[in-house]
Amino acid sequence: MSEPDGRPEHGRPPYHYPQWQPPVPPKQTSPAAVVLISGSVGVVILMVLAFLAWGYPGFLREPDGRGDVTPGHWPAASATVVTPTPTGPSTPVALPGARAPMPKRTKPLADPVTCAFTPDAGSPAPKNVALPPDGPAPSTGTIGVRLATTAGDLGLTLDRALAPCTVVNFLSLAKQRFYDGTSCHRLSVTTGLQMLQCGDPVGDGTGGPGYTIRDELFPELTYGRGVVAMAKTTAPDSGGSQFFLVFGETNIPPEYTVFGSIDDPGLEVLDRVARGGIDTSKPGIGDGSGPPKTPVTFTRVS
């Protein structure tokens, strides 16, 4: 039989404990030693902070090449168009000759509708523009717009029945000459996404007008040849000034506001740009799209 600690109950030798000793008071650190130690720790901390600040971009300072970013603000998320899974490299492919039918709302909008535009302080505009007017806007009728570009003219017909507030926004930007001098920064000719994206005053997909507009979506939306629609980030109601011009097959979900159509001469211009291909010497966004080899810069939008 054993006790709970496993020691024999009988015949065990007596336990011997160490003889008690009076406690020894701790040694006192001299003031000079305290100062020396504290100083050494401080030097180490300063060296670590200096390394992180200057040797590790992005921790205490912005990465190299970001000196033009407004202090306290990183570039806004790129306005983009969802890219389907590529079926091959982004090289010129056969383009459909016939335009696709325009999408239509099964249920017409109220006439008028009420528009509202939201300032976006986190994404300041490179160009100063006034917000479009809030308030009522007609939801019937069309209006023609001409995009004069270095590659040729593109005629658009903006349709208020599809997206009245988006039309108000586009006309406001055009009237303020926001688009003049901007270039189309993203061409995609991959099967499933054949479009040219434009309207960014920065030129890399991060720019906008300094405010956002609401999505104007409906289930019947499609994006066939001849459609013009708004680009945005993955967040809802995040569009601003960027838009895309569809010249071929584009299979994307109905999450991008369609607000007009492209005329036949404009489609011929887009076809030439598409067949010119993508300038692979310039940076893209990693999905096979990128700046077109044939530059498309707006000289006047009217």
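User: A disulfide here is a pair of cysteine sulfur atoms within 2.5 Å. With the bonded cysteines numbered in sequence order, what is the pairing?

Analyst: This is a predicted model, so keep that in mind throughout. The pairing of the bonded cysteines is 1-2, 3-4. The structure holds 2 disulfides.

User: Start with Cys115. Which residue is joined to Cys115 by a disulfide?

Analyst: Cys165 is the partner, with an S to S distance of 2.0 Å. Cys115 belongs to strand S1 (residues 113-115) and Cys165 to helix H2 (residues 164-175), so the bond ties together parts that are 50 residues apart in sequence.

User: Left-handed or right-handed, the disulfide of Cys115 and Cys165?

Analyst: Left-handed, because the torsion about the S-S bond of Cys115 and Cys165 is about -90 degrees.

User: And are Cys115 and Cys165 buried or exposed?

Analyst: Both Cys115 and Cys165 are buried.

User: Next one. How far apart are the sulfur atoms of Cys184 and Cys198?

Analyst: They are 2.1 Å apart, and the two cysteines form a disulfide. Cys184 is in the loop between H2 and strand S6 (186-190), while Cys198 is in strand S7 (residues 193-198), so this pair ties together parts that are 14 residues apart in sequence.

User: What about handedness for Cys184 and Cys198?

Analyst: The torsion about that S-S bond is about 95 degrees, so the disulfide of Cys184 and Cys198 is right-handed. As for burial, Cys184 has 4% relative accessibility and counts as buried. Cys198 has 0% and also counts as buried.

User: Switching to rings. How many aromatic pairs does a search of the whole structure find?

Analyst: The search finds 10 aromatic pairs. One of them is Tyr223 with Tyr256: ring centres 6.4 Å apart, planes at 80 degrees, so the geometry is edge-to-face. Tyr223 is in the loop between strand S8 (211-212) and strand S9 (227-230). Tyr256 is in the loop between strand S10 (243-250) and strand S11 (258-262), 33 residues apart from Tyr223. Both Tyr223 and Tyr256 are buried.

User: Why does the pair of Phe243 and Phe298 count as stacked?

Analyst: Their planes are at 25 degrees, with ring centres 6.2 Å apart, so the pair is stacked. Phe243 is in strand S10 and Phe298 in strand S12 (residues 298-301), which puts them 55 residues apart. Both Phe243 and Phe298 are buried.

User: Which residues form one aromatic cluster?

Analyst: Phe170, Phe178, Tyr179, Phe243, Phe259 and Phe298.

User: OK, charges. How many salt bridges does the structure hold?

Analyst: The structure holds 7 salt bridges. In one of them, Arg146 meets Asp263, with the closest N and O atoms 3.9 Å apart. Arg146 lies in strand S4 (residues 142-149) and Asp263 in the loop between S11 and helix H3 (264-276), so the bridge ties together parts that are 117 residues apart in sequence.

User: How accessible is Arg146?

Analyst: Arg146 has a relative accessible area of 38%, so Arg146 is partly exposed. Asp263 is at 22% and counts as partly exposed.

User: Zoom out. How many helices and strands does the protein have?

Analyst: The protein has 3 helices and 12 strands. Of its 302 residues, 40% count as buried. Accessible surface comes to about 16,600 Å², with 61% belonging to carbon and sulfur atoms.

User: Last one, on contacts between residues at least 6 apart in sequence. What share join residues at least 24 apart?

Analyst: Among those contacts, 72% do.

Methods
Residues are numbered from 1 along each chain as its sequence is written. This is a predicted model: local features need pLDDT of at least 70, side-chain atom pairs count only at pLDDT 80 or more; totals for chains, interfaces and linings use all residues. Side-chain values use heavy atoms; hydrogens and water are left out. Helices (H or I, at least four residues) and strands (E, at least two) are DSSP runs, numbered from the N terminus. Buried means under 20% relative accessible area, exposed over 50%, partly exposed in between (1.4 Å probe, protein chains only). Rings of Phe, Tyr and Trp (its six-membered ring) pair if their centres lie within 6.5 Å; planes under 30 degrees apart count as stacked, over 60 as edge-to-face and the rest as tilted. Contact means heavy atoms within 4.5 Å. Accessible areas come from the Shrake-Rupley method with a 1.4 Å probe; for residues, only the protein chains shown count as cover. A salt bridge is a side-chain nitrogen of Lys or Arg within 4 Å of a carboxyl oxygen of Asp or Glu.
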